[in-house]
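Hi,

Here is the structure I promised to pass on. Have a look at it first, and then read my notes below.

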Amino acid sequence: MSQINPLAVVMSVRDFPIAWYWIRKACKENNVDLLIVKNYPHHIAHQKSREFFLKHEEYTHMIIVNEDTIVTPSHLKLLLEDIKKYDYPVIGGYCFPVSKAYPKVNLTKKNMRKIWVVFANQYNFFDLENVITWNLDNPLEEFYFNGLTLTAIRRDIVEKIEFKPYKYVTDNSLGLWLRRGIMFDLRFSNELYDRGIKLMVDKRLLIMHFGNTRNLINLRGKKPYVKLIKANGEEILIEEGKEYK
């Protein structure tokens, strides 16, 4: 695929200036539009992201950018080179650590389709020591799961997969009691498997993850909104909701 026009999407409930510095810089330097879906429960954020992308047919790929990682301009540049060169339906990176208490990368080749997942150790994630010794002569390799880390999804796949949660929970992790969908990355991997679509990972795209930062989330007193930041710096407010009480 020679001509691409990706849309980077961040679904955010956190406020980490260091992450936003690199996200904005990565998009600007690579001439990529950025959609920010801010302060929504994840199941709502996913639907708003998908609806916006599908409505705007000028975009060829939706790139999921994680708000709790460091994604540099070089990371995004390499991913863009991959989707131009290989045209796989889904290409992504991966991150380290999974959590502060679980020092592994979020990659597995284990088929998770018939397992009810509750604990991280069920994934059989790769150890960092395995990863740093990998041969990179053929950098793209098929994996079952990558946690939707810096993942480029081609338009035809976004049309097919609805980005639903693996399950719902009711808790106050977002600073107020509500029902929310979780583990979208696992359901995404399962649906790719069901449809016979490969999840390709560039083994060079290892990204720093902040670990478990749920204790730093609090939506109370904040407004949800959707904003588009064009590659030229123009900012467009798409919609804004009411302040959480």
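Let's start with the largest pocket, which has a volume of about 1400 Å³. A pocket here is an open set of points on a 1 Å grid over the protein atoms alone, where a 1.4 Å probe fits, with protein on both sides within 12 Å along at least five of seven lines. The volume is the space filled by probe spheres set on those points, which are joined across faces, edges and corners. Before you go further: this is a predicted model, where local features need pLDDT of at least 70 and side-chain atom pairs count only at pLDDT 80 or more, while totals for chains, interfaces and linings use all residues. Residues are numbered from 1 along each chain as its sequence is written, and side-chain values use heavy atoms, with hydrogens and water left out.

Back to the pocket. Its lining (residues with an atom within 4 Å of a point) counts 44 residues, and Arg 14, Asp 68, Met 183, Asp 185 and Arg 214 lie nearest the centre. Two or more lining residues come from each of β1 (6–12), α2 (42–55), β8 (167–171), β9 (178–182) and α6 (184–194). The largest share, 3 residues, belongs to β9. Helices (H or I, at least four residues) and strands (E, at least two) are DSSP runs, numbered from the N terminus. By class, the lining has 23 nonpolar, 14 polar and 7 charged residues. Nonpolar covers Ala, Val, Leu, Ile, Met, Phe, Trp, Tyr, Cys and Pro, charged covers Asp, Glu, Lys and Arg, and the others, Gly among them, are polar.

Next, the cores. A nonpolar core is a set of buried Ala, Val, Leu, Ile, Met, Phe, Trp, Tyr and Cys residues joined through side-chain atoms within 4.5 Å; buried means under 20% relative accessible area, exposed over 50%, and partly exposed in between (1.4 Å probe, protein chains only). The largest core has 31 residues, and those touching the most other members are Leu 7, Leu 35, Val 90, Ile 153, Phe 188 and Leu 192. Apart from it lies another core of 27 residues, including Val 10, Trp 20, Ile 23 and Leu 78.

Thr 213 sits between β10 (199–209) and β11 (225–229), and it counts as buried because its relative accessible area is 6%. Setting aside neighbours within four places in sequence, Thr 213 is in contact (heavy atoms within 4.5 Å) with Arg 14, Phe 16, Asp 68 and Lys 100. Thr 213 and Lys 100 are 113 residues apart along the chain, with 9.4 Å between their C-alpha atoms.

Lys 104 is in the loop between β5 (90–96) and α4 (128–131), and at 19% relative accessibility Lys 104 is buried. Its side chain makes a polar contact of 2.3 Å with the side chain of Asp 127. A polar contact is a pair of N or O atoms within 3.5 Å; within protein, one must be able to donate a hydrogen and the other to accept it, and residues adjacent in sequence count only if both atoms are side-chain atoms.

Finally, Asn 232 lies in the loop between β11 and β12 (235–240). Is Asn 232 buried or exposed? Asn 232 is exposed, because its relative accessible area is 62%. The side chain of Asn 232 reaches the backbone nitrogen of Glu 234 at 2.9 Å.

Cheers
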